[in-house]
Amino acid sequence: MTRAARTAPEETGGRPRVLIIDDSPLDRAVYERTLRDFDLRFETSGEAGLARLAAEEFDLVLLDFQLPRMDGGEVLEQIRNELKRDVPVVIVTGGGSESVAASLFRLGALDYVTKDDLLTPRVRSAALGAIERHWLDRARLAAEGELRSRKDELEAALRRLQEAQAQLVHSEKMASLGLLVAGIAHEINNPVAYVANNLAVLSRDVRAIADLTRGYRDALGAATPPALREAERRLDLDYTLANLERLLESSRQGVGRVRSIVDGLRDFARLDEAERKPIDPNEAIRVTLEIVRYQMKLKDIRLVETLNARGVLWCFAGKLNQMFLNILLNAIQAVGEGGTIEVASHSDEAAHAVRYEISDDGPGIPAAIRGRIFDPFFTTKPQGVGTGLGLWISYDIVERHAGEIEFETAEGRGTKFIVTLPARLPSDPA
Ligand SMILES: Nc1ncnc2c1ncn2[C@@H]1O[C@H](COP(=O)(O)OP(=O)(O)O)[C@@H](O)[C@H]1O
Ligand SMILES: [Mg+2]
């Protein structure tokens, strides 16, 4: 019951307050004799008894079953359901009505005595027993409640700790990864810039020198000294001259590729950008694909890109990259050698949202763990491979974008992660 526990009877000076609801004046005299050491109050009808119980606290109710108008069963029922009192109740029945009394246990009577018992010590022991059992029950319930709330507190504290730890591990990792990547990108950028520059100058000069060489050959013709002829032959001059242009062109392409990788790294490393910015929603996933291209190549994974989103997406760009990276890495780890990963994006014009789908043909996620994959530290991978933080972080990132992350999976067939992000929020500039 819901009421606060009163002090135990021993603490009220040892005289338990007992309400006796019984319409017989004869019985009253008997009670007064057998329950001398109790603090007794009498009422002669169910109605009067209920009124008294509503106003005062008692340690026990002795309830006669045969009462005028309202029988003991109805009174008990009202004590529990109307007054909501969990005071212990002992039923007093006429001889031979034990079966009725038994049915009252279901309503929460603790014991019963018969009228014939009234003159015997049985009444006193039933009264004391009921009071004692009631207090023991209450003490037990209170202790259980206390224990449960302590346990809940501990569990909540543990959860908070785990999340704080996860957050720390994560932010530290990402911060250092971001710094590392940004640092490397910066270091590579300088030499790449002057190699590109030198290549441009070299192309121009080499072309001029090649023209000059051809000029000399034409001018000298048959007069070319044998030593020079021999040198030309060793060099295979015609071939070399024809090839120079091609070599320079492929070097330029190579440098261009290094440049775009460095740019990709720089984009990716914008990890801690505090502001939402409008970006090309396809570019967001492309820069991340760039980062994992090598891992895909190692496993000979086939990548199917269907990037059809339009317009701009307002977001924390670095965070999005990180989310895509986590999901892509899971997909790469899930598929077998030569597996397939599909990456798709499209705009849901009606909902003003961008929808991304990353699917793999890996083993799928077993039903038993589907409810836990977003929990921090939940991993099925060996130590050193899995941290169990990837999806938890991704969930957090999607939530920060007011978006949704879901997955569809079938054992043996693969998994698809679906991320839907609003293209802009009311707080973004118009
Ligand atoms: N594409 C996927 N295919 C199969 N299982 C996956 C996939 N993505 C996630 N999981 C399951 O979810 C778990 C949690 O993923 P994640 O939070 O990224 O942690 P981690 O990759 O470090 O284990 C993984 O250990 C794996 O069991
Ligand atoms: Mg992962």
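Guide: Let us start with one pair of residues: V92 has V113 of β5 standing opposite. Please keep in mind that this is a predicted model.

Visitor: Which strands make up the open sheet, and in what order?

Guide: There are five strands, in the order β2-β1-β3-β4-β5, and their pairing is parallel. At the edges are β2 (39-43) and β5 (111-114), each of which pairs on one side only. Ignoring direction, neighbouring strands of this sheet are turned by 20° against each other on average.

Visitor: What makes you say that helices pack on the sheet, and which strands do they touch?

Guide: A contact requires C-beta atoms, placed from the backbone, within 7 Å. Helix α2 (residues 46-55) touches β1 (17-21) and β2, and the direction of α2 makes about 160° with that of β1. Helix α3 (residues 72-81) touches β1, β3 (60-64) and β4, and the direction of α3 makes about 150° with that of β3.

Visitor: How many bridges join β1 to β2?

Guide: Five bridges join these parallel strands; as at least two are needed, they too count as a pair.

Visitor: Why is β1 called largely enclosed?

Guide: A residue is buried if 20 or more other C-beta atoms lie within 10 Å of its own. Four of the five residues of β1 are buried, so the rest of the structure largely encloses this strand.

Visitor: Which residues touch the most other members of the largest nonpolar core?

Guide: The core has 35 residues, and L60, V89, V90 and A127 touch the most other members. At least two residues each come from β1, α2, β3, α3, β4, β5 and α5 (121-220). The largest share, five residues, is supplied by α5.

Visitor: What does L60 touch?

Guide: Leaving out residues up to four places away in sequence, L60 touches P16, V18, V87, P88, V90, A127, A130 and I131. Another core of 33 residues lies apart from the largest one, with A317, L320, L328 and F417 among its members. In soluble globular proteins, nonpolar side chains tend to be buried together.

Visitor: What joins β11 to β12, and in which sense do they run?

Guide: Strand β11 (residues 404-410) has seven bridges to β12, and the two run antiparallel. For example, V419 in β12 is the bridge partner of I405. These strands form a hairpin with three residues between them, and G412 in its turn has a positive phi of about 85°. Strand β12 (residues 414-422) also pairs with β10 (residues 353-360), in the antiparallel sense over eight bridges. There, R355 stands opposite T420.

Technical notes:
Residues are numbered from 1 along each chain as its sequence is written. Chains are lettered from A and ligands numbered from 1 in the order in which they are written. This is a predicted model: local features need pLDDT of at least 70, side-chain atom pairs count only at pLDDT 80 or more; totals for chains, interfaces and linings use all residues. Axes are lines fitted to C-alpha atoms, for helices over the stretch in contact, and angles run from 0 to 180 degrees between N-to-C directions. Two residues are in contact if their C-beta atoms, placed from the backbone, lie within 7 Å. A nonpolar core is a set of buried Ala, Val, Leu, Ile, Met, Phe, Trp, Tyr and Cys residues joined through C-beta atoms within 7 Å. A residue is buried if 20 or more other C-beta atoms lie within 10 Å of its own, exposed if 12 or fewer, and partly exposed in between; C-beta atoms are placed from the backbone.
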